[in-house]
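Have the structure open as you read.

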Amino acid sequence: MKLCIDAGHNYSGFDTGATGNGLKEQNITFPVCQFLKNKLEQAGITVVMTRETLTQNLGTSVNSSLKKRAEISNNEKCDYFISIHCNAGGGTGTEVLILKRGGQAEQLAKPVLQSIVSRFNLRNRGVKESNLSVLRNTDCPAILVELAFIDHPSDAVLLKNQQEAFADAVFLGVMEYLGLPVSSESANIRSFLTQKWNLSHPDAVFALLDSHPYASDLYQKIYESYKRS
Ligand SMILES: [Zn+2]
């Protein structure tokens, strides 16, 4: 299983992303993709990144930047292509774009969308058809995830502070589509605690807790104490 993860837009020059609330889209999509890459790799999935560093620029124009992303996926013979973006233009919420309904892209898009919407209680804008370059030029099923609106005040707060949680939501949606187990109960507890504690870097916190010799008992006890209270 090989996934191509595309951090939308270039760092500078051409094909830079939307801006809003002091944020730049390309500087949000990259860390989200890096978190997503780590999670997928931990689950045994091979990941190809289109942008490999935050400051990397692809192509020599908007068109060639977009074509390059599909080309990387096609050359690596990836099984799925996931492009991560932030929306703009005055709305709010999450949507996932696909080239055409009725295929695997739509099947992948649905759980990814649902996972993000329910994690953050964002407006569900649905799965939409769109004739975008990266969707059209990729050989494999491809989706483009618009996480939330960078020019909407409360969406932007999430985009700024919850990048790892966005990655986790996409990850869980992908795993659901693939029918792969997410280390079951502990994933649910982690997701619960991430929200409860409003963690912006849950992996760092859980890595610390995991170093405890009775980590899984510890999670269970904390979880249960919340459930009782
Ligand atoms: Zn974008």
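A residue counts as buried if 20 or more other C-beta atoms lie within 10 Å of its own, with C-beta atoms placed from the backbone. Keep that cut-off in mind, and keep in mind too that this is a predicted model.

The buried set is Gln163, Glu164, Ala165, Phe166, Ala167, Asp168, Ala169, Val170, Phe171, Leu172, Gly173 and Val174. From first C-alpha to last, helix 6 reaches 23 Å, close to the 22 Å expected at 1.5 Å a residue. Just past its end, Gly179 has a positive phi of about 70°.

Now for the partner. The axes of helix 3 (residues 104-120) and helix 6 (residues 163-178) come within 8 Å and cross at roughly 140°, and the crossing is right-handed. Here is who makes the contact:

| Helix | Contact residues |
|---|---|
| Helix 3 | Gln107, Leu108, Pro111, Val112, Gln114, Ser115, Ile116, Arg119 |
| Helix 6 | Ala165, Phe166, Ala169, Val170, Leu172, Gly173, Val174, Glu176, Tyr177 |

Sorted by class, that contact has 11 nonpolar, 4 polar and 2 charged residues.

Val170 deserves a click. Setting aside neighbours within four places in sequence, Val170 touches Leu36, Val112, Ser115, Ile116 and Val145. The largest nonpolar core has 55 residues, and Val170 is one of those touching the most other members, along with Val96, Val112, Ile116 and Ile143.

Methods: Residues numbered from 1 in each chain as written. Predicted model: local features only at pLDDT ≥ 70, side-chain atom pairs only at ≥ 80, totals over all residues. Axes fitted to C-alpha atoms, helices over the stretch in contact; angles between N-to-C directions. Helix = DSSP H or I, 4+ residues; strand = E, 2+ residues; numbered from the N terminus. Left-handed = near helix turned anticlockwise from the far one by under 90°. Contact = placed C-beta atoms within 7 Å. Nonpolar A, V, L, I, M, F, W, Y, C, P; charged D, E, K, R; others polar. Core = buried A, V, L, I, M, F, W, Y, C linked by C-beta atoms within 7 Å. Buried ≥ 20, exposed ≤ 12 C-beta atoms within 10 Å, placed from the backbone. Expected span 1.5 Å × (residues − 1).
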